[in-house]
Amino acid sequence: MKQPTSAGRSKNGAKAGRKTREDINQEARDRKREKKHRGHAPGSRATGTTAGSKGKGGAQAKDPRIGSKKPIPLGVNEAPVKKQPKPKSEKPMLSPQAELEMLENDERLDALLERLEEGEAISADDQAWVDAKLDRIDELMQQLGLSYDDDEEEEEEGQDDLMRLLKGGN
């Protein structure tokens, strides 16, 4: 008739290599629980304690919140006065004479002035640049005591002297 199938076997009598569904589920729950508890304990940053410092022994851990021990002078007179470094200018400082010569020999300025003399129109940026350079030349000439008028007056006086000599004046 019917023979009993596996009713007579117990759980221990099952194959040794296989795990039951309940065992697999329990292992998965354990892994999830272990994974959930990774990382630092809550509030560890504020308290300053770490898991590694607990096992050091009787030595008291240094509080990481405490900063530098360097003394800060509180009095106004106690602080040494530091000289402010001068900001470095883009161009090295030139004497007025050297700067004037540099501006007079500027090729771009000469080209733009020639275009203006010929009646050509130049852009507003170029015009502003030419005006700034001409103003700087005027300032430098005033500093050095030079002027364009002096050259013209000397030429006129020289012509007047020649005219007097030719006319037989003085």
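A residue is called buried when its relative accessible area is under 20%, and this cut-off is needed for the first of the views below, which are taken from a predicted model.

**View 1. Glu99, a buried residue of helix H4****.** Glu99 has its place in helix H4. Because its relative accessibility is 18%, Glu99 counts as buried. When residues up to four places away in sequence are left out, the residues that Glu99 touches are Leu94, Arg136 and Leu140.

**View 2. The largest nonpolar core of the model****.** Nine residues make up this core, namely Leu100, Leu103, Leu109, Leu112, Ile122, Val130, Ile137, Leu140 and Met141. At least two residues of the core come from each of three helices, which are H4 (96–104), H5 (107–117) and H6 (124–144). The helix that gives the most is H6, with four residues.

**View 3. The packing of helix H5 against helix H6****.** Two packed helices are described by the angle between their axes and by the distance between those axes. For H5 and H6 the angle is about 110 degrees, and the axes lie 11 Å apart. An angle of 65 to 115 degrees counts as roughly perpendicular, and H5 is therefore roughly perpendicular to H6. The crossing in which H5 passes H6 is left-handed.

**View 4. The residues where H5 and H6 meet****.** From H5, the contact involves Arg108, Leu109, Leu112, Leu113 and Leu116, while H6 contributes Asp126, Gln127, Trp129, Val130, Lys133, Leu134 and Ile137. Sorted by kind, the residues of this contact comprise eight that are nonpolar, one that is polar and three that are charged.

Note on methods
Residues are numbered from 1 along each chain as its sequence is written. This is a predicted model: local features need pLDDT of at least 70, side-chain atom pairs count only at pLDDT 80 or more; totals for chains, interfaces and linings use all residues. Side-chain values use heavy atoms; hydrogens and water are left out. A nonpolar core is a set of buried Ala, Val, Leu, Ile, Met, Phe, Trp, Tyr and Cys residues joined through side-chain atoms within 4.5 Å. Buried means under 20% relative accessible area, exposed over 50%, partly exposed in between (1.4 Å probe, protein chains only). Axes are lines fitted to C-alpha atoms, for helices over the stretch in contact, and angles run from 0 to 180 degrees between N-to-C directions. Angles under 35 degrees count as roughly parallel, over 145 as roughly antiparallel, 65 to 115 as roughly perpendicular and the rest as oblique. A crossing is left-handed if the near helix is turned anticlockwise from the far one by less than a right angle, and right-handed if clockwise. Contact means heavy atoms within 4.5 Å. Ala, Val, Leu, Ile, Met, Phe, Trp, Tyr, Cys and Pro count as nonpolar, Asp, Glu, Lys and Arg as charged, and the others, Gly among them, as polar.
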